[in-house]
Amino acid sequence: MSKQDGSARQVSAASVDSTTSPILHVDLDAFFASVELLDRPDLVDQPVVVAGKSARSVVTAANYPARRFGVRSAMPLSQAMRLCPRAVVLEPHFEKYQHFSSQVMAIFDDMTPLVERLGIDEAFLDVAGARRVRGTPAEVGQLIRQRVRDETGLACSVGAASTKFVAKLASGRAKPDGLLVIPAAHTLEFLHPLPVSALWGVGAATEATLLRQALHTIGDIAHTPLAVLRRTLGDALGTKLYELSNGIDPRSVSPGRVEKSIGHEMTFETDIDDDDVLNRELLRMSTKVAARLRAAGSEAGTISLKLRYGDFTTITRARRLAAPTDLARTIYAEARAAYEAVGQHPPVRLIGVRAENLAPAGGAQPSLWDADESWRDAERTVDGVTRRFGRDSIRPAALLTGRPRSGPQAPRPEPHD
């Protein structure tokens with residue numbers, strides 16, 4: 001596969017027969033960077049990196065001009081700037097990404113009820129039942145691309161195939177801003193020349209193992225006896241790769257898929273040993289995690305704390321809740337309790353809060369008296385204000401005073417002057 005920089009872009013002709021390719025994978029192109037560029041159209045043709053402006057920041061996203069210099073997400077910003085000194089760094093705005101994601105997902109839902117969200121910027125769609133109303137899968141894919149551009153100003157790429165695995169590979173090959181259809185009869189023709197690293201489940205270690213066995217392409221794996229792959233990789237992985245390399249992927253599109261976790265992390269420019277600063281970050285991140293939970297219609301059953309020290313030693317501490325929650329007040333209380341339970345520790349390089357064991361909101365049996373009802377109303381009011389005026393228009397008072405309140409009353413949402 002390409003390096004997702006557009007250098008190996010492949011798209012289908014308008015006359016392609018897509019009748020055997022009802023599964024679409026739609027992926028927004030360089031999503032975070034593209035959203036930021038909506039406000040900076042003067043930078044569209046320049047290399048742009050989305051990252052916090054800190055010596056320790058990592059790249060959140062990069063547009064295609066930056067990717068051509070080798071810049072990738074999760075790369076240290078310092079390395080990205082060495083590769084591309086002319087890159088313009090824009091700070092991320094996650095509330096914008098959630099807003100545009102909601103708009104795009106609504107377009108998908110309008111096309112078919114069979115939508116499986118994979119994250120904030122991609123989804124699988126099964127459009128087999130949409131032909132009478134919307135047209136062939138290729139026509140649906142083109143309609144989606146046009147609507148996304150007209151309604152949001154963003155570009156997306158679409159892969160259409162008979163299986164989810166091939167559809168996802170096709171959308172990656174179509175980037176940026178393209179549509180690639182792989183008819184069922186051409187599945188192996190498309191798959192077999194690709195490198196083994198293109199297979200789901202092949203990371204660096206597995207790739208090295210396969211290369212030592214002189215298995216360089218997906219076609220090489222497809223023509224290797226299953227028994228040999230099982231001996232080399234184990235029964236489960238050997239069978240999985242054999243099936244995928246032969247175009248076998250029976251998974252269907254599963255609507256209503258819930259994210260496994262939602263979290264935020266903060267890397268400090270210098271290691272921090274001040275409990276007040278760390279607690280304030282826990283409060284800020286808990287507030288953001290709660291807002292994302294409510295936006296997703298989810299509640300968390302477990303709250304996890306992550307600490308990384310200057311020597312890169314990393315610890316996590318998880319606390320299971322008596323009842324699922326989407327409240328910042330509860331998330332912060334649990335994260336802070338987990339932090340205090342750590343006891344003495346070295347200065348902190350990174351701190352994070354994550355909501356896990358997610359389930360649809362409202363699934364738990366309601367009690368006759370909800371002690372958190374007033375807090376829930378207050379935080380939902382805050383959600384409405386921030387959607388309208390931006391994330392900095394209102395915040396917990398403790399983030400303004402610089403010192404979190406102690407005890408179960410924190411945080412209390414209060415207006416920002």
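1. Disulfides first: counting pairs of cysteine sulfur atoms within 2.5 Å as disulfides, the total is zero. As a reminder, a disulfide is a covalent bond between the sulfur atoms of two cysteines. Cys84 is buried, at 1% relative accessible area, and Cys156 is buried at 1% too. (Buried is under 20% relative accessible area, exposed is over 50%, and partly exposed is in between, using a 1.4 Å probe and protein chains only.)

2. A word on what you're looking at: this is a predicted model, where local features need pLDDT of at least 70, side-chain atom pairs count only at pLDDT 80 or more, and totals for chains, interfaces and linings use all residues. Residues are numbered from 1 along each chain as its sequence is written, and side-chain values use heavy atoms, with hydrogens and water left out.

3. Now α4, residues 94-111: this helix has 18 residues and spans 26 Å from first C-alpha to last, close to the expected 26 Å. (Helices are DSSP runs of H or I with at least four residues, strands are E runs of at least two, both numbered from the N terminus; the expected span is 1.5 Å times one less than the number of residues.)

4. Which residues of α4 are buried? They are Tyr97, Phe100, Ser101, Val104, Met105, Ile107, Phe108 and Met111. These cover an arc of only 150° around the axis, so they sit on the same side of α4. The arc is taken from the directions from the helix axis to the C-beta atoms.

5. Last, Arg40, in the loop between α1 (31-38) and β2 (48-50). Arg40 is partly exposed, at 33% relative accessibility. Its side chain makes a 3.0 Å polar contact with that of Asp42.

Conventions:
A polar contact is a pair of N or O atoms within 3.5 Å; within protein, one must be able to donate a hydrogen and the other to accept it, and residues adjacent in sequence count only if both atoms are side-chain atoms.
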